[in-house]
Amino acid sequence: MKGYRKYFLNKLGWFLITLVCAFILNFILPRLMPGDPVAAIVSRMAQGLSDARGVQAIYQQYTELFGTNRPMHEQFFIYMRNVLQGDFGFSFSQYPRTVADALKSSILWTIALQFPAIIVGWLIGNTLGALAAYLKGGFDKVIMPVSIFVSNFPAFGMAIILMVIFGVTLEWFPTSGGYGFDLIPEFSWNFIRSVIIHYQLPFWSIVLIAIGGQAIGMRSMSIYELNADYVKYARFMGIKDRKIIGYVFRNAMLPQITGLALSIGTMVGGALVAEIVFSYPGLGYTILNGVMGQDYPLISATTLIITIMVLSANFIIEILYGVIDPRIKAAQAD
Amino acid sequence: MLRNKLMAVLGAIVVVSMVLAGCTTPTPETIIQTVEVEKVVEKTVEVEKIVEKEVEKIVEVQVTAEAEEGALPRQETLYFNGQQWGAVVGWNPYSSSNNNAMAIGQGDNARVIMFETPYLYNMLDGQQYPLLADGPWSWNADMTEITFKIKDAAKWSDGTPVTAEDVAYTWEAHVKYNTPTAASYIDYVDAIEAVDEKTVVIKAKLNEEGNAVNPLTVAAYVSSNYVMQKAWTQTLEERVGGDATEFGADPAEDVVYSGPYHKFFTDDTKAVYVRDDNYWGQDASMWGKLPAPKYLAHTIFKDNAAGSVALAKGEVDVSQQFNSNVNLLWESYGLPISTYLPEAPYHIGASLPTAWYNLNAYGLDQVAVRKAIAIAVDYPTIIANAMTNQSATFDQVPRSLMNPTEGEQALYDHDAVKDLQWAGNDIEGANKLLDEAGIVDTDGDGWREYNGQKLSYIATCPNGWSDWQAAIEVVAAAGKEIGIDITTNYPEWSVYQTVVTKSDAPLPEGYDIFMMGTNGAGPTQPWARVRQILSSEWIGLPSNWSGNYGGYNNPEADALIQAIPSETDPDKLKEMYTELVRIYLTDVPSFTLMYRPGVFHTVNETVWTNFPHQDDGTEPPVPPMDCTDGWGIACLYNIEPVNP
Amino acid sequence: MVGFSIFVVLLLIVFIYPLIIKDAPLAIIARGTFFPPGIYVSAFDSINTPKYTLNLPGAAVKRIASKLSDDDRLAMKEWLVIDGLAEDEIDIEDTVLLLEQWMNRYDPTKRVAGMTNARRNYFIRLNNSLQGLLSIEDISIAVRNAETGDLEEKALITTSDYVNVNQVANVRFLPLGTDNFGRDTLTELIAAARVSLQIGFVAGIIATLIGLTLGLLSGYIGGLVDDIIMFFTNLFTVIPSFVLLILISFSIGQERRGATTVAVVIGFTSWVWTARAVRAQVVSLRNRDHVNLSKLSGHSIVYIILNDILPYIASYVVMALILQISAGILAEAGLSILGLGPRTTDVPTLGLMMNWAMIYQAHVLGKWWAYLPVLITIALITFSMNLMNTGLDQVFNPALRD
C-alpha cells in the first residue's frame with residue numbers, strides 16, 4: 001500500500017499543478033487573439049451616432065463593464081474570483097446574455113449526444129475488434145478493411161452523407177433540429193419520441209467512425225495478447241478456451257480504457273460538425289461563434305470546462321489503473 | 001518484457017485514440033449571412049392594445065391547451081427562417097443589441113408583428129399607409145411641421161388606448177437615453193408633441209432660413225420608428241435608475257406592445273410568437289379581421305444549407321435566406337416553392353452592394369484606374385455565379401445610384417447618362433483607358449505601373465458572406481486581364497466592420513477595394529442612398545456606419561445632396577438626380593456589383609397559399625417582405641390554408 | 001500492400017494530370033453554378049460543322065418526351081379538366097390531340113381557385129416550353145447584317161441533321177462538371193488533392209519531429225526533464241487542440257494564412273500523442289542490455305539516443321508519421337470547412353472545396369459532383385495511408401501477420 005500511496009500522491013500533485021496552469025492558460029489564450037471585441041460591440045451599438053464623443057462614451061461604458069481596460073493580471077484575479085463563485089461573466093457576442101446562461105442550455109444536448117455515442121461506439125468497436133482477432137479468417141479479412149475505411153471517413157463527410165441519404169433522399173429521418181420543428185419542449189411522450197428520432201443521424205455519424213477506430217485498436221491489442229506466452233502455456237495446460245479468453249480480453253481492454261477516458265474528456269467540444277450539419281443544438285457551435293466573435297468569457301469558460309473534464313477523466317483512469325493493474329505501479333516505481 | 005509489450009500497446013492505443021480524436025474533430029460550416037449593413041431598422045410601433053386582465057387569462061388558457069399537445073398546430077402556424085440566427089436575447093426596442101429579429105426591426109421597412117409604427121411604408125409604390133395613425137399625415141404650410149392623428153381603435157396589450165402622448169414620450173426617451181434612433185434623427189427632428197389626446201405634431205429642426213433641415217427624414221420618421229407606451233417606458237426608466245446602458249440592455253420581458261403577436265416560447269432552437277385575439281387591428285378602421293396564422297414560428301438554423309433543406313421539405317413557409325439556385329427547387333424538383341417574380345431575377349432588387357475604392361490608396365486617386373477596373377469586371381458572371389441569377393443584370397437595369405424599382409428608376413433621365421453606363425467585361429475599353437492615361441507596363445513584368453510603382457491592390461469582404469466573396473473573386477480576376485494585380489483577402493466580420501467604419505483615419509492596407517452594402521428601399525430613398533455613397537459629411541467620423549467609407553469628396557455633389565430634401569418640383573428633382581448619377585459614373589468612387597433585394601422572400605405553398613406575387617391583384621400591391629415588414633404585413637391577412 | 005498501391009496511384013494521378021491538362025485549376029470557366037458532368041459541345045461551332053443526315057427511328061418520340069414527361073401530361077389533363085373539358089375526351093397518350101386541346105384552351109391569366117402560385121407558374125412554364133414542340137419545320141439560323149440591320153439566313157437545320165462530335169471545334173469534357181464558382185471540378189480536385197497532401201506532409205513531418213525529439217529526450221533522460229516535458233504535454237492534451245487550432249488560425253488572420261502557414265500551425269498543435277507514444281517506447285528500451293553497455297562504454301547521451309534507441313523505434317516512428325500526415329490532412333479539411341483554412345484564391349484545398357459546396361447548398365440541390373468526389377478523395381487518401389500503416393505494422397510485428 002505504501003507504494004500505492006506514493007503513486008496516488010504523485011498523480012494528485014501533477015493533476016493540481018496542471019489544473020492551475022491550464023486555468024491560467026485558458027484565461028490568457030483567448031485574450032491573445034488580435035482585435036478588440038469591445039470595439040466590435042461598440043461599433044454595432046453606435047450605429048448612426050455621428051457624435052464622436054457619443055461613441056467614446058459608449059466605448060468607455062463597455063470597457064468598464066467588461067473590464068477590458070484593466071491590466072491583464074488584474075483582470076485575471078477578478079476572473080478567478082468570479083469563477084470560484086460560479087459567475088462566468090457576460091458573453092460579449094450574446095450580450096446581455098450571461099455565459100452561464102448561454103452554456104447551460106447547450107451543454108446538456110452535447111453531453112446527451114456525445115456520451116452515449118462514445119460508449120456505444122467503444123463497446124461495439126471493441127467487441128468487433130476482439131472477435132476479429134479471435135475468429136481470424138474471413139471475418140477478420142472483412143472487418144479490418146471496412147473498419148479502417150469507415151474510421152477514416154472525415155466526420156463531416158459521414159454526417160453529410162448520412163443526411164443526404166437518410167434525410168433528404170429516403171426521408172427516413174429528419175434533417176435538422178434537436179426535436180420536431182413544431183414541438184415545444186415538455187415532458188410528453190410525443191416530445192421524447194421526437195427527440196429520439198432527431199437523435200439518430202447525428203448519433204450514428206459519430207458512432208460509426210468511433211467503431212472503426214476502436215475495432216482496429218482492439219484487434220491489434222487482442223492479437224498481441226493472444227500470442228503471449230501465458231496464453232500458450234495455459235492452452236498446453238488444458239485450461240478451457242473460454243477462461244483464457246476472459247483473461248486475454250481483460251488484459252487487452254486496459255489500454256482501451258485510456259482512450260475511452262480521453263474521448264469522454266474531450267467530448268464537450270467534439271460534436272461540432274454533427275451540430276452544424278444537422279442544426280443540432282449544442283456546445284460546439286457556441287464555441288465556434290465565440291471564437292469568431294472574440295468572446296473571451298465564453299471561450300475561456302468552455303475551454304475551462306473541457307480542461308477540467310479531461311483532467312478529471314485522466315486522473316480517475318490513472319488511479320483506477322493503479323488499482324486494477326499492479327504492473328503500472330511497479331513500472332512507476334522504476 | 002510484459003511491460004514492454006504493455007507500453008507498446010499503450011502507445012498504440014494512445015495513437016489510435018488520437019487518430020479517433022482527430023477523426024472526430026468536427027468542422028462546422030461557416031455561417032453564411034448576407035447581412036446587409038443598413039442602418040438599424042427602427043419601427044415606431046404605436047401599440048394600443050386593450051389587453052385587459054381577462055384577455056390575458058384567456059390567452060394563458062390557450063397557451064396551456066397547446067402545451068398539452070406539445071406541438072404547434074401546423075395549419076395555424078407560419079414558419080420562417082433566415083432572420084434569427086441565435087437565441088433570442090431580449091424584447092427591448094430601445095436597444096440596438098437585442099437580436100430579436102422577428103419582433104424588433106425599426107427602419108425603412110419596419111417589422112410590425114409585435115411593435116407598431118404610425119405608418120407602414122410600401123416599397124412597391126413608395127407610399128406610406130396608416131397603421132396606428134388615422135389617415136395620411138400632412139405638412140403645415142411652410143413644411144416645418146408634420147401632423148397626424150392616432151386611430152381611436154388603437155390599443156396597447158394592457159387595454160389602455162394608444163395616445164399621442166405615447167408617441168411624444170417615446171421620442172423623449174430616445175433622446176434622453178441616447179439610443180441609435182435618437183442618433184439618426186436628432187439632427188432633423190426638433191421635438192414631437194402631443195397637441196391633444198390623439199393628435200401628434202412633429203417639429204422639424206430648422207436651419208437659419210427657417211426651413212426644415214431635412215423634411216424627407218422627418219417624413220420618414222413616422223413609418224420607421226415604433227411607438228412605445230409611456231407608462232411602460234417610465235417603468236423601465238425607474239427600473240434602471242436612469243442608467244443609459246442599462247436602459248438599452250434590459251431584456252424587457254414585461255414590455256407592453258400594440259401589435260398582433262407576442263412571445264409564446266423561445267429557446268436555442270426556435271422563437272415562437274402567438275397571436276393576441278384581442279388585437280385592436282381587427283377593428284374595421286384597420287384590417288377588419290385578425291391575421292390568419294395563430295402562431296409565427298422561426299426555427300433557428302445553424303447555416304443556410306440546413307434552412308434550405310427545411311424549406312424544401314415544407315417545414316419552413318417563408319424563407320429570408322439566400323437560397324442558392326432557388327429556382328431549381330421548383331423547376332427540377334417540382335416543389336410548390338416560389339418567389340415574387342416567377343423568372344429571374346426572382347426578387348425585387350432594393351439595395352446596391354457596392355465595391356468601394358479607398359481613394360487614398362496609391363493609384364486609386366486616378367479616375368482612369370478606378371474606371372478601368374470597374375468596366376473590366378465580369379458582372380454577368382457575378383450575377384450568374386455569386387447571386388445565382390437572383391439579381392437583375394446591368395443590361396436589364398443600367399447602373400446608376402437607383403435601385404431597380406420602378407419608382408426610383410423614373411427619377412433620373414436615362415438617356416442623358418447612357419454613354420456613361422457600362423455593362424462590364426469591357427477588357428478592351430479598360431486597357432484603352434489605362435493606356436491613354438499613360439499607365440502602362442514599363443518594366444515588362446506584366447503589371448502596369450503608375451509613376452514607376454506597380455499597381456497592386458487587395459480586394460476584400462467579410463469572411464463567410466458567400467455571395468460577396470464570390471463576387472470579389474470575379475473582381476480580382478478582372479484585374480489580371482487588364483494588368484493590375486488584385487488579390488483577395490477575407491477578414492472576419494468583427495475585424496472588418498471595425499476597420500471599415502473608422503473614418504477618422506485613412507484606411508489601413510488590405511482595404512483597397514472593399515465591399516459594403518447600401519440602403520434598400522425606403523421613404524427617404526434614393527436620396528439617402530446617394531448621400532450614403534457620395535456625401536463627404538461622413539469623413540472624419542470615428543464610428544461611421546453611414547457611408548462614403550472610401551473618403552470621396554466632391555463639393556458639387558454635396559451641394560446637390562443638401563438641396564434635394566427641400567426640393568418639391570419633380571422636374572427639378574429629376575435634373576438634380578441625373579446630375580448626381582452623371583457625377584457618380586464619371587468619378588467612379590465606387591461601383592455597384594449587383595442588385596440585392598431588401599429581404600429575400602421565398603415561400604413554400606404546402607400549407608399556406610396566397611402569398612404576394614407579381615400581378616396578384618392586391619391593391620395597394622403587397623410587397624414581398626417576408627410578410628412582416630412595412631406594408632408587407634398585409635400578407636398575413638391575405639394568406640389562407642391550402643387545405644382548410 | 002493494397003494501401004501502398006492505392007496511395008501510389010493517387011500520387012501518380014496528382015502529379016501527372018497537371019502535365020497533361022494544363023488549365024489553371026482556379027480559372028472560372030463557367031457563367032452559372034454547378035454545371036452537371038457531361039460533354040459540352042459548342043453550339044455555335046456545331047452550326048458550322050459539316051452535317052450528316054441520319055434517319056433514326058424514334059427520334060421524334062425522344063424529342064417530344066424530353067420536353068413533355070408523363071407528369072407533364074397528367075398535369076395538362078388536370079388543367080383541361082378544371083377548364084371544363086370532359087375527362088373521357090382527353091387521351092394523354094395522343095400527343096397531337098392533347099397539344100391541340102391545350103393550345104386551344106390554355107389561358108395563362110386564368111385564376112383557378114385553390115391553385116397555389118407555384119402551380120400556376122408551373123403551367124405557364126409548361127406552356128412556354130410546349131410552343132412549337134411538334135413542329136418539324138426546318139430551323140433557320142440568321143445573322144444580322146451589320147449595315148442593313150436585317151436578318152439574313154445563314155444556315156438551315158433540319159430534324160435529320162446530325163454533327164459528329166469529333167469534328168466540332170470546341171468540345172469540353174467535364175467529367176465532374178463545375179462548382180459554384182464556375183471552375184472545372186476535376187482539375188480543381190486534383191490540384192486540391194496535391195495541396196492537401198503537401199499540407200499533410202508538412203504538418204505531419206513537423207509534428208513527428210517535435211514529438212520524436214521531445215519523446216526521446218523525456219524518455220531517455222528521465223527525471224526532471226521527463227517530468228517537465230510530460231507536464232508540458234499534459235497541458236497540450238488538456239487544452240482542446242481544435243480550439244487551439246481555431247484560435248491560432250483566427251489570430252494569424254487571413255492575409256498570412258497561406259497553405260504552408262496552415263500546415264505549420266497544424267503541425268505545432270498535433271505533436272502530443274507522438275511524443276507520448278515515443279516516450280513510452282523509449283522508457284521500455286532504456287534498460288535494455290545494449291543501452292547499458294553503451295552507457296558503460298562512456299558514449300555520450302546523444303550518441304546513445306541516435307545509435308541505440310532510435311533504430312529500435314524507427315518502425316514505430318514511421319507508422320506514427322503516416323498517421324500524422326493523414327491526421328494533418330483531415331485537420332486542414334476541418335479548418336477549411338470552418339472558414340479558417342488557407343485563402344480561397346491562392347490554392348484550392350479539399351476542405352475549401354467542401355466548404356464552398358456546402359455554402360452553395362450543393363447537397364440540398366442534389367449536385368453530388370461538387371462534394372462527393374472530394375469526400376471520396378479524402379477518404380481514399382487517409383484510407384490508403386492507414387492501410388499502409390497496418391501493412392507496415394505487420395511487417396514489423398510478425399505476430400500480427402496471419
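Predicted model: local features only at pLDDT ≥ 70, side-chain atom pairs only at ≥ 80, totals over all residues.

Trainee: OK, chain B. How many helices and strands are there in it?
Mentor: Chain B has 20 helices and 24 strands.

Trainee: And what share of chain B is buried?
Mentor: Of its 644 residues, 63% are buried.

Trainee: What about contacts in chain B between residues at least 6 apart in sequence? How many join residues at least 24 apart?
Mentor: That share is 72%.

Trainee: How do β6(B) and β7 of chain B pair?
Mentor: They are antiparallel, with five bridges, and β7 covers residues 199–204. B:A194 sits opposite B:V200 of β7(B).

Trainee: I've clicked on B:K155. Where is it found?
Mentor: In the loop between β5 and α3 of chain B.

Trainee: Is B:K155 buried or exposed?
Mentor: Buried. It has 23 other C-beta atoms within 10 Å, and the cut-off for buried is 20 or more.

Trainee: What separates the C-alpha atoms of B:K155 and B:S332?
Mentor: A distance of 48 Å, and 177 residues along the chain.

Trainee: New topic: β1 of chain B. How many of its residues are buried?
Mentor: Five of its five, residues 77–81. B:T77, B:Y79 and B:N81 are on one side. B:L78 and B:F80 are on the other, and both faces are covered.

Trainee: Why the every-other pattern?
Mentor: Side chains in a regular strand alternate between the two faces of the sheet.

Trainee: Which strands does β1(B) pair with?
Mentor: One of them is β10 (residues 295–299) of chain B, parallel, through four bridges. There, B:Y79 stands opposite B:A297. β1(B) also pairs in the parallel sense with β11 (residues 318–319) of chain B, over two bridges. B:N81 has B:S319 as its bridge partner in β11(B).

Trainee: And β14 of chain B, residues 354–357: which residues are on each side?
Mentor: B:T354 and B:W356 are on one side, B:A355 and B:Y357 on the other. All are buried, so to speak of the faces of β14(B), both are covered.

Trainee: How does β14(B) run against β19 and β20 of chain B?
Mentor: Antiparallel to β19 (residues 513–516), over four bridges. B:Y357 has B:I513 as its bridge partner there. β14(B) is also antiparallel to β20 (residues 590–592), joined by three bridges. In that pair, B:T354 is opposite B:T592.

Trainee: Now the largest nonpolar core. Which residues touch the most other members?
Mentor: A:A159 and B:Y273, out of 279 residues in that core. Helix α13 (residues 301–338) of chain C gives the most to it, 20 residues. Another core lies apart from it, with 83 residues, including B:W468 and B:L560.

Trainee: What does A:A159 touch?
Mentor: Leaving out residues up to four places away in sequence, A:S205, A:V273, A:A274, A:V277 and A:F278.

Trainee: Last one: the contact between chains C and A. How many residues does it take from each?
Mentor: It takes 30 residues from chain C and 36 from chain A. On the chain C side, α16(C) gives the largest share, eight residues. That side has 22 nonpolar residues, seven polar and one charged.

Key: Residues numbered from 1 in each chain as written. Chains lettered and ligands numbered in written order. Core = buried A, V, L, I, M, F, W, Y, C linked by C-beta atoms within 7 Å. Buried ≥ 20, exposed ≤ 12 C-beta atoms within 10 Å, placed from the backbone. Contact = placed C-beta atoms within 7 Å. Nonpolar A, V, L, I, M, F, W, Y, C, P; charged D, E, K, R; others polar. Pairing = 2+ DSSP bridges.
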